[in-house]
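Please look over the sequence and the model shown below. The paragraphs after it go through the fold step by step.

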Amino acid sequence: MKIALMDSGIGLLAAAAAVRRLRPDADLVLSSDPGSMPWGPRTPEDVTARALDVARAAAAHRPDALIVACNTASVHALPALRAELEPALPVIGTVPAIKPSVAGGGPVAIWATPATTGSPYQRGLIREFAGSVTVTEVPCPGLADAVEHADELAIDRAIAAAAALTPRDVRAVVLGCTHYELVAERIRAAVRQPGLPPVALHGSAGAVAAQALRRIGAEPAPSAESAAGLTVLLSGRTAELPETALAYAEGQLLGAVSPAL
């Protein structure tokens, strides 16, 4: 079994680690183009063109499924990716976990890139799933870029700024960018209020990993023997896992796997 994941940068690590936990025996292909990151400020046409390039590089390795582990690419490029690659290659997009986040009744905050915050796409999901739950959209300028470069000070500043915009009574936070899942516990600590239970965080990594297995008719097998390979593609070229990826637990998990030959 081989699962490919694509993103502008290392935001794909969370979903890749989720796949690895569900199927330690699955080969992984990680395809990204960090030189063009971030994709959020780019035009939809530019995002689509870059996403197609990254996806084609992954598809050349003949995976069984492709996870679009990027909210921006899922918003703008998913139709084009599916039109080109399916049905031969199932393509699984990433959607902010708004629906499960409102199950507890709220209030809820959605942390997302400035380009996604207030977008018709996100507003549509809120209308569809939030019902009467109070939802606050919180822009997080610079956070994805800081996570990409493992810039500790910049991560702290961006999280603190977003936490300051998050209402004190929020009970759940949706992580609306895959990069944010790599610093989830730091976000949880930043929004926790004294005397109240920890805020629930809702990312997409686990859901898209499970959906990828369903699409190819595979069952989770977390106890399977780990004998899987890892192929890293940067701008279409085989490379090592970026050093910044190893700053995160998800990258360390993947880095413990021998590269595929």
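What follows moves from the whole chain to its sheets, its helix contacts and a few single residues.

This is a predicted model, in which local features need pLDDT of at least 70 and side-chain atom pairs count only at pLDDT 80 or more, while totals for chains, interfaces and linings use all residues. Residues are numbered from 1 along each chain as its sequence is written, and side-chain values use heavy atoms, with hydrogens and water left out.

The protein's secondary structure comes to ten helices and ten strands. Helices (H or I, at least four residues) and strands (E, at least two) are DSSP runs, numbered from the N terminus. Along the principal axes, the C-alpha atoms fill a box of roughly 50 × 35 × 35 Å. For 261 residues, a compact globule would have a radius of gyration near 18 Å, and the value of 17 Å for the protein agrees with this. That radius is taken over C-alpha atoms, and the globule rule is 2.2 Å times the number of residues to the power 0.38.

The strands can be taken sheet by sheet. Six strands form an open sheet with mixed pairing, in the order S4-S3-S1-S2-S9-S10. Its edges are S4 and strand S10 (237-239); each has a single partner strand, so one side of each is left without a neighbour in the sheet. Two strands pair if DSSP finds at least two bridges between them. Strand S1 (residues 2-7) and strand S2 (residues 27-32) pair in the parallel sense over six bridges, and Met6 stands opposite Ser31 in S2. Helix H1 (residues 13-22) lies across S1, S2 and S3, and runs at about 175° to S2. Axes here are lines fitted to C-alpha atoms, for helices over the stretch in contact, and angles run from 0 to 180 degrees between N-to-C directions.

Another open sheet has four strands in the order S6-S5-S7-S8, with parallel pairing. Strand S6 (135-139) and strand S8 (200-202) stand at its edges with a single partner strand each, so one side of each is left without a neighbour in the sheet. From one strand to the next, the twist averages 25°. Strand S7 (residues 172-175) runs parallel to S8 and is joined to S8 by three bridges; Val174 stands opposite His202 in S8.

Which helices lie on this sheet? Helix H5 (residues 120-129) lies across strand S5 (108-112) and S6, at about 160° to S6. Helix H8 (residues 184-191) packs on the sheet and touches S5, S7 and S8, its direction making about 140° with that of S8. Contact means heavy atoms within 4.5 Å.

Helices also pack on one another. Two packed helices are described by the angle between their axes and the distance between the axes. The axes of helix H7 (residues 152-164) and H8 come within 9 Å and cross at roughly 40°. H7 and H8 are therefore oblique to each other; angles under 35 degrees count as roughly parallel, over 145 as roughly antiparallel, 65 to 115 as roughly perpendicular and the rest as oblique. H7 passes H8 in a right-handed crossing; a crossing is right-handed if the near helix is turned clockwise from the far one by less than a right angle, and left-handed if anticlockwise. Glu152, Ile155, Asp156, Ile159 and Ala163 of H7 make the contact with Arg186, Ile187, Ala190 and Val191 of H8. By class, this contact has six nonpolar, no polar and three charged residues. Ala, Val, Leu, Ile, Met, Phe, Trp, Tyr, Cys and Pro count as nonpolar, Asp, Glu, Lys and Arg as charged, and the others, Gly among them, as polar.

For helix H2 (residues 44-59) and helix H3 (residues 71-85), the axes come within 8 Å and cross at roughly 55°. The crossing of H2 and H3 is right-handed. Residues of H2 in this contact include Val47, Ala51 and Leu52, and those of H3 include His76, Ala77 and Leu81. The contact of H2 with H3 has eleven nonpolar, three polar and two charged residues.

Some loop residues remain. Arg62 lies in the loop between H2 and strand S3 (65-68) and has a positive phi of about 55° although it is not a glycine. Pro87, in the loop between H3 and strand S4 (91-92), is joined to Glu86 by a cis peptide bond with omega about 5°. Thr134 lies in the loop between H5 and S6 and touches Pro107 and Val108, not counting residues up to four places away in sequence.
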